[in-house]
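Here are some exercises with worked solutions. Have a go at each task before you read on.

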Amino acid sequence: MARSQTTLHIRMHMGSLLNSFEKHAANLALAGLVVVLALQVFFRYVLQTGLSWTEEVSRFLFVGFVYVSASYAVQQGTHIRVSIGVDALPPRVRRAALRLADALWICFNALVVISGVVLIKGMIAHPVYSTSLFIPLSLVYLVIPVAHALMIVRIVQSHIRARSTEGETRTGSKA
């Protein structure tokens, strides 16, 4: 009995970590960006010298922050969406239009994931390195397909939540 409870606890904890992955990753990237930029300003204006790596690291952190934050926005339902015409539609048609838009969005994200994987495979076969730190750029570019794959997962999750909510509303029960 205790073993099954422990397993359940571990699964719940892992699920919680996965559900908050984007939030923590974005916060970490933003905090790193602030620290690196503060170092850059301090060294340049106070010590009158520059650090060669700060510009490159800040750029990589910013790109990572943007892509991971986009996935987080999808998870939170705050990603930008043009809905001016859709809001005027009857509820049933509006839901269908939003589902169609999300299906197209999933297709776009899948295309970016596939293209990103192809790009990274090429960069692994023919390595390209960053100028200052000599980091393989394939590692830096990895955030693109990963974030878009996470967006797909978050869009699907939002539809699953919406369906369960619709089911509860129709039956009048809350499980």
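## Exercise 1: the second largest pocket

The second largest pocket has a volume of about 260 Å³ (the space filled by probe spheres set on grid points that are joined across faces, edges and corners). A pocket here is an open set of points on a 1 Å grid over the protein atoms alone where a 1.4 Å probe fits, with protein on both sides within 12 Å along at least five of seven lines; lining residues have an atom within 4 Å of a point.

Task: work out which elements line the second largest pocket, and what classes the lining has.

Solution. Start with the 14 lining residues, of which F60, G64, L139, V140 and V143 lie nearest the centre. Next, list the elements that give two or more residues: helix 2, helix 3, helix 5 (137-141) and helix 6. Helices are DSSP runs of H or I with at least four residues, numbered from the N terminus. Helix 3 gives the most, with five residues. Finally, sort by class: 13 nonpolar, one polar and no charged residues. In this scheme Ala, Val, Leu, Ile, Met, Phe, Trp, Tyr, Cys and Pro are nonpolar, Asp, Glu, Lys and Arg are charged, and the others, Gly among them, are polar.

Before moving on, a word on the source: this is a predicted model, where local features need pLDDT of at least 70 and side-chain atom pairs count only at pLDDT 80 or more, while totals for chains, interfaces and linings use all residues. Residues are numbered from 1 along each chain as its sequence is written, and side-chain values use heavy atoms, with hydrogens and water left out.

## Exercise 2: the largest pocket

Task: describe the lining of the largest pocket by element and by class.

Solution. The volume is about 450 Å³. Of the 18 lining residues, R81, L98, D102, S158 and H159 lie nearest the centre. Helix 4 and helix 6 (143-171) each supply at least two of the lining residues. By class, the lining has seven nonpolar, five polar and six charged residues.

## Exercise 3: helix spans

Task: check the end-to-end distances of helix 3 and helix 4 against the expected span (1.5 Å times one less than the number of residues).

Solution. Take helix 3: its 23 residues should span 33 Å, and the end C-alpha atoms are 31 Å apart, which agrees. Then helix 4 (residues 91-125): its 35 residues should span 51 Å, and the end C-alpha atoms are 50 Å apart, which agrees too. While you're on helix 4, pick out its buried residues (under 20% relative accessible area, with exposed over 50%, partly exposed in between, 1.4 Å probe, protein chains only): D102, N109, V112, V113, G116, I120 and M123.

## Exercise 4: an aromatic pair

Task: find out how many aromatic pairs there are, and classify what you find.

Solution. Rings of Phe, Tyr and Trp (its six-membered ring) pair if their centres lie within 6.5 Å; planes under 30 degrees apart count as stacked, over 60 as edge-to-face and the rest as tilted. By this rule there is one aromatic pair. The ring centres of F42 and F43 are 5.9 Å apart and the planes meet at 85°, so the pair is edge-to-face.
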